[in-house]
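Dear colleague,

I am passing on the structure below, together with my notes on what was found in it. Please read them alongside the sequence and tell me where your own reading departs from mine.

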Amino acid sequence: MPSTPPTPIRAPTGSDLHCQGWEQEGALRMLMNNLDPEVAKNPDELIVYGGTGKAARNWDCYEKIVETLQRLGNDETLLVQSGKPVGVFRTHPEAPRVLIANSHLVPRWANWDEFRRLEQMGLTMYGQMTAGSWIYIGTQGILQGTFETFAECARQHFGGTLEGQFVLTAGLGEMGGAQPLAATMNGGAFLGVEVDPQRIERRVDTGYCDEMCTDLDEALDIVQSAADAERAHSVGLVGNIAEVLPELVRRDVVPDVLTDQTSAHDLRTGYIPMGYSVDEAAEFREDDPESYQEAVLDSMQTHVEAMLDMQEKGAITFDYGNNLRGQVADLRGMEEAFDFPGFVPAFIRPLFCRGSGPFRWAALSGNPEDIAVTDDAVLDTFPDKPALHRWIKQAREKVQFQGLPARICWLEYGERAEMGERFNWLVENDKVDAPLVIGRDHLDAGSVASPNRETEGMKDGSDAIADWPLLNAMLNTASGASWVSLHHGGGVGIGYSIHGGMVCVADGSDAAYDRLERVLTNDPGTGVMRHADAGYEDAIETAEARGVDLPMAG
C-alpha cells in the first residue's frame with residue numbers, strides 16, 4: 001500500500017460505473033473530488049480545508065477506501081472511523097452505503113492536546129465538516145451562506161443593500177475566500193486582510209476577489225472610492241489583521257460592517273501571529289509549539305480588542321463562526337469578547353426556524369451543462385422566490401467551478417424534497433448526462449450543536465445540548481441517505497461542536513424517489529423540530545403549517 005500521494009487525484013466523470021452502484025460511485029467520486037488540486041487546500045497531505053481538515057487518515061486508508069467502495073455491494077455498508085475504513089457489513093439496499101464517524105472523543109478528553117496525542121499515534125484524524133464527509137465543493141460551498149448573511153445584515157441595517165457600505169474582514173482561505181464575492185454580490189465595497197498573498201492571488205484568479213494590494217493606504221483609497229460611488233468592488237490586502245485593525249482604530253477609520261473568518265479554531269494551525277510571515281510562523285510553530293500558541297493568543301486578543309473598539313465606534317460587528325471569541329474568552333479570560341454576536345443569532349436563526357439551509361449538489365458527469373440544467377430547474381420550481389433567483393443568476397455569472405461542477409442554494413423544509421424529486425426526474429429522463437449527488441454543509445438547521453456558532457444563544461438555553469445532531473444523523477440513516485457522517489469539532493475546533501452530514505444520490509431510479517423524499521423531508525425537519533422545541537415561534541408555526549409532527553408542541 002502506498003505511503004505517498006497518488007496525485008493529482010481527479011474524480012472520474014461520465015456515465016460509466018467504477019463501482020457496483022451509483023451510491024457507491026457517488027461516494028467514490030466525491031471523495032476524489034475533495035482531493036482534486038482545484039478543490040483541496042493541500043491534497044498531498046489529504047487536507048481539504050479548514051486548517052487540517054482531512055478526507056482520509058493517511059494514503060493507505062485512502063487507497064483502501066477506494067478499493068472497498070469499488071467492491072461494495074448494494075446491500076452492504078462500509079464503516080469509516082476517523083478516515084480509516086474499518087468494516088463492511090451486510091445491511092439492505094435502502095441502508096446507507098457508507099457510515100462515517102470522525103474525530104470523536106469522550107467529553108472528558110475532548111480537547112486539542114489529547115486529540116493531537118491520539119492523532120500522532122495514528123488513531124484519529126480531524127474531519128472538519130465536509131472534508132471528512134466527502135461533500136466539499138470548494139469555496140462555493142460557503143459562498144451562498146455568506147451571501148445570505150451579508151444580505152440579512154443589509155436588510156437589518158442598510159435598507160436591503162450593501163451599496164455604499166464599507167465591509168471589512170480578514171481571512172481569505174478556503175472558507176473565508178467566499179467573503180469578497182458574497183459582499184460584492186450584495187453591492188458592498190470590501191476589504192479583506194490576509195497574511196498569505198497566495199490565498200489572495202487564488203481568489204483574484206478565480207474571480208472571487210477583484211484585486212490585491214500590499215499597501216494599506218492604497219487599499220483604503222480604493223475601497224472608500226468604491227463605497228462613495230456605491231460601486232461593488234473587493235480588495236485583498238496582504239497583511240496581518242491583528243496589526244492592521246489596531247492601526248485603523250488609531251486612524252479612526254471605521255467600516256460599516258466588520259467580521260472575521262481567519263482560521264482561529266486551531267491555535268496550532270491557521271492563525272498567524274503578529275510579526276511573522278507564513279514561512280516564519282511555520283518555523284516558529286515547529287521549533288516551539290507552546291510559545292507559538294501563546295503568540296497566537298496574544299494576536300487574537302489584540303484582534304478582538306480592536307473589533308470591540310470598532311463596534312463602539314459604530315461598526316456592525318459580528319463573529320463569523322471561527323471561534324475567535326471563544327479562544328480568547330476561554331484561554332485569556334476575555335469574556336467581553338462575546339459583546340459582539342455570532343452570525344447565526346444575529347442573522348441566520350430565522351432561516352433555521354423554517355428548516356432553511358445549504359442544499360448543495362454536484363454533477364457526477366463532470367459536465368457543466370448539467371449544472372445549467374439544474375439551475376433552470378431550480379428557477380422553474382420556485383418562480384416566486386426573487387432572492388433565490390438573484391442568487392442563481394449571479395452564481396452562474398460569477399462562480400467558477402472547482403473540480404466536479406456543483407451548485408448550492410438555501411432551501412426550506414418541503415422545498416428540498418421537492419427539488420430532490422425534480423433532480424431525480426432530470427436523471428431518469430436523460431436531461432443530464434449522469435446522476436446528481438445532493439448533500440449539504442454540516443452547518444444546517446438541525447444537524448449541529450455548536451454553542452459558539454450555530455446554537456449560540458438559544459432561546460431556551462440549550463446551546464450545548466448535543467442530542468440533536470445525533471438524532472439527525474440517526475434519522476438520516478433510518479431514512480436511507482446514501483452516506484451519513486457524524487463529526488466532532490468542525491468549524492470551531494475540538495471540544496466545541498458535534499455535527500452531522502448526509503448525502504443522497506439521485507440516480508433516476510424509483511428507489512431514489514422514495515429515498516430522496518424521506519431524507520430531504522426528514523433532514524431539514526429536524527431543524528424545525530429543534531428550534532420549535534427551543535420555543536421559537538417561527539419554527540412552531542412552520543411545523544403547524546407544513547405538517548411536522550411534534551408530540552410536545554402545543
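Thr374 has a relative accessibility of 0% and therefore counts as buried (buried means under 20% relative accessible area, exposed over 50%, and partly exposed in between, with a 1.4 Å probe and protein chains only). Thr374 belongs to helix H13, residues 368-381, where helices (H or I, at least four residues) and strands (E, at least two) are DSSP runs numbered from the N terminus. When residues up to four places away in sequence are not counted, Thr374 touches Trp361, Phe423, Leu426 and Leu436, contact meaning heavy atoms within 4.5 Å.

Before going further, please keep in mind that this is a predicted model, in which local features need pLDDT of at least 70 and side-chain atom pairs count only at pLDDT 80 or more, while totals for chains, interfaces and linings use all residues. Residues are numbered from 1 along each chain as its sequence is written, and side-chain values use heavy atoms, with hydrogens and water left out.

Leu436, one of the residues that Thr374 touches, leads on to strand E14, residues 436-440, of which five of the five residues are buried, so that the strand is largely enclosed by the rest of the structure. Leu436, Ile438 and Arg440 point one way from E14, whereas Val437 and Gly439 point the other way, and all are buried. Strand E14 pairs in the antiparallel sense with strand E12 (residues 357-363) over five bridges, two strands being counted as paired if DSSP finds at least two bridges between them. In that pairing, Arg360 stands opposite Gly439 of E14. Strand E17 (residues 498-506) also runs antiparallel to E14, to which four bridges join it, and there Cys504 is the bridge partner of Ile438.

Elsewhere there is an open sheet of six strands with parallel pairing, in the order E8-E9-E7-E6-E10-E11. Strands E8 (211-213) and E11 (316-317) stand at its edges with a single partner strand each, so one side of each is left without a neighbour in the sheet. The partner of E11 in a parallel pairing over two bridges is strand E10, residues 257-258, and within this pairing Leu258 stands opposite Thr317 of E11.

Turning to charged pairs, a search of the whole structure finds 33 salt bridges, a salt bridge being a side-chain nitrogen of Lys or Arg within 4 Å of a carboxyl oxygen of Asp or Glu. One of them joins the side chains of Glu23 and Arg97, at 3.6 Å from N to O. This pair links distant parts of the chain, since Glu23 is in helix H1 (residues 22-34) and Arg97 is in the loop between strand E4 (84-90) and strand E5 (98-102), 74 residues apart. Both Glu23 and Arg97 are buried.

A salt bridge is also formed between the side chains of Arg155 and Glu152, at 2.9 Å from N to O. These two residues are three apart in helix H4 (residues 140-157), and are thus separated by about one helical turn. Arg155 is partly exposed, with a relative accessible area of 42%, whereas Glu152 is buried, at 18%.

Arg332 forms a salt bridge with Asp298, the closest N and O atoms being 2.9 Å apart. Because Arg332 lies in helix H11 (residues 324-332) and Asp298 in helix H10 (residues 289-312), the pair ties together parts that are 34 residues apart in sequence. Arg332 is partly exposed at 26% relative accessible area, and Asp298 counts as partly exposed at 39%.

After H18 comes Gly547, whose phi is positive, near 75°.

With best wishes
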